[in-house]
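Me: I would like to learn how to read a model such as this one, starting with its surface and ending with its cores. Could you take me through it step by step?

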Amino acid sequence: MAASLPLRCPARPFLFTLLLIVILQFPEYSVSGHVAPPAPSMSSSDESSNPFSARASFIRYWNRRIPNNRPLPNFLLSKLSPLSALDSATFSNLLATSNFAALSSRLPQLCSTAHLLCSPSLTVFNGTGAPSDFSNYESSNYTNYGTDATAGFDSFKNYSLSLNTPVSTFRRYSRDSVDHNDSFKAYSTGGNIVTADFTSYATAATGGSGEFASYGVDSNGPYLKFTNYEASANGRVQSFGTYSEDSNAGDESFAGYGKGGNGVVSEFNGYATETNVLGSTFTGYGMEANAANDSFVNYGVDGNVPVNTFRSYGDNGNSASESFASYRNDANVGSDTFTSYAKKGNTATAGFDLYGHSNSGSDTFKGYGEGSDTNEINFRSYEGDNPTFNVYSKTGIDFKDYRNHSAGQFPAAVVRHWQVEPGKFFRERDLRSGNVMPMPDIRDRLPARSFLPRSIAERIPFSAADVRRVFGIAEDTALGKAVTDTLADCERRPSRGETKQCAKSAEDMIDFVVEVLGSNVVARSTESTAGSNGSILIGRVKGVNGGNVTKSVSCHQSLFPYLVYYCHSVPRVRVYVAEILGVESKHKINRGVAICHLDTSDWSATHGAFLALGSSPGKIEVCHWIFEGDMTWTVAD
């Protein structure tokens, strides 16, 4: 083509370069000048009409792969990369040689312009050169802050409220201090992917107190670590009140907490109440301590699948006193492990009062009180489902009013008390015009992000270590853990009848959907969040594909720096589109999309659907709404 241009044309180098860019970056443009079908209307931003932008490139890809002349759904368009053609080419080239270090200096720009979820930069407070009132602060590093402090009071109030990926580090905070008091109130409340690291906090401190009140409440994916917290402290009092309440899917670690301490008092009151899938690990907690006094009151109450591990807790301690009152009561499918608890301790006292009055929990006590003849351990009103007591002290342990429930036999009060969110699961018969039913909270709780262009996403190795390296994410943070968990879910073997793939780009999603369902497909999602957390009136209902049993591909967001969708197809479903009306007004407020799974035989017996609907695997169909941010694909009607 270049030879056909007149030699005298002064624009020849520019035209040749432009043509080369088009051929390399956008292969859908052929040399003959053929252009893909016109794209749907786009927004009025500067890049929206640029044919070389990542967004325009995807729209042309859609039209080639799904040539049914249906418009792209707005909920998918809104997730496309906002990167310009120049930025896409720049960042793609930086990753082309796998020299990730070259990207590091440009990472803040990539995170901002591509609308990604990245770790924040930290404000550093080193030593004591900072105010004692940290109200309304966020993401900071308090290394050596308050070291050797005498008396005084530090307040962290309304700290990191409602932020995405807040990261705070309290290393050697208040170390060797005397009578220094700390208060963390409303800390990281409403946060998303919260990371807090309290390493060597208050080590060797004398006196003073620390208070964590309303800490991490209503947060999503909290990752909180207390390592060597109050180790070798003397007479310090620590209180955790309303800690991690109403949180979702987090992990908390207490390693070496109070180790070697003297007269350290810790109280966990209202800890992890009404949480969802929260894991807590107490390793070496109170080990070799003298006269430790720990109290767990209303710990893990009303939680869903709480997992607590106490390893080497109170080992070799002297005159320790531990109390577990109303621990994990009314929880669902909880699990506790006490390994080498109070092993070789001297005159330890532990009381389990009203412990484990839950639904289908499991408890393991291994090496409990072993090697000590002077402990006093009482289990009062303890209820367990197949608990295991392996190698525990044969003296000093009293089982009073202890009940071991066989599988499936739980107190009626427990089953009634713990409830799945109303409306989260329902029966097919509930989707009928005129029916009033509860609607769950279908809001997207994950941080807003966009897809990366395929030209960039395909150059980032899809492994946890490489993703963390590219985006500068520390492994020991909430976001680092989320990356690991997402990759593990992507690598998990599919269940029986399931076809799955993690879509790293919007183009990946299209390819998977077309492979499973063919090219004549349509994507649907619930129109808005109107009606959430309230009662709704069902209007007209339409079954997709004539209401027949069909095949669909559902795609759910994963927690990752850029948008990654877990897409899977399961056999034997029916998909419905329903008008959602206001109960009082009778006016349409939303358009809901629901999917009904007809074969539940492989589901767990403890699945929330069966707790909500009162049945068991394989006996009923289970329906649910498609939440905001997720979508389901079917063959077009």
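Reply: Accessible areas here come from the Shrake-Rupley method with a 1.4 Å probe. This is a predicted model, and for its chain the accessible surface comes to about 26,500 Å², of which 50% belongs to carbon and sulfur atoms.

Me: What share of the residues of the chain count as buried?

Reply: A residue is called buried when its relative accessible area is under 20%. By that cut-off, 52% of the 637 residues are buried, in a chain whose secondary structure comprises twelve helices and 32 strands.

Me: How should I treat the confidence, and where does the pLDDT stay under 50?

Reply: pLDDT is the predictor's confidence in each residue, from 0 to 100. The chain averages 76, with 61% of the residues scoring at least 70. Residues 1-45 stay under 50, and the model has 39 contacts for them beyond four places in sequence; residues 405-418 are also below 50, with 27 contacts beyond near neighbours in sequence.

Me: Which residues have the most contacts inside the largest nonpolar core?

Reply: A nonpolar core joins buried residues of kinds such as Leu, Ile, Phe and Tyr through side-chain atoms within 4.5 Å. The largest one here has 33 residues, and those with the most contacts inside it are Leu110, Leu116, Leu452, Ile460, Phe471 and Tyr562. Among the elements that each supply at least two of its residues are α6 (107-113), α9 (464-471) and β29 (564-581), while α10 gives the largest share, five residues.

Me: What does Leu116 touch?

Reply: Leaving aside residues up to four places away in sequence, Leu116 touches partners including Leu110, Leu452, Phe471 and Tyr562, as well as Arg449 and Ser450. Another core, of 28 residues, lies apart from the largest one and has Leu76, Val553, Cys567 and Met631 among its members.

Key. Residues numbered from 1 in each chain as written. Predicted model: local features only at pLDDT ≥ 70, side-chain atom pairs only at ≥ 80, totals over all residues. Heavy atoms only, no water. Helix = DSSP H or I, 4+ residues; strand = E, 2+ residues; numbered from the N terminus. Buried < 20%, exposed > 50% of the residue type's maximum accessible area, 1.4 Å probe, protein only. Contact = heavy atoms within 4.5 Å.
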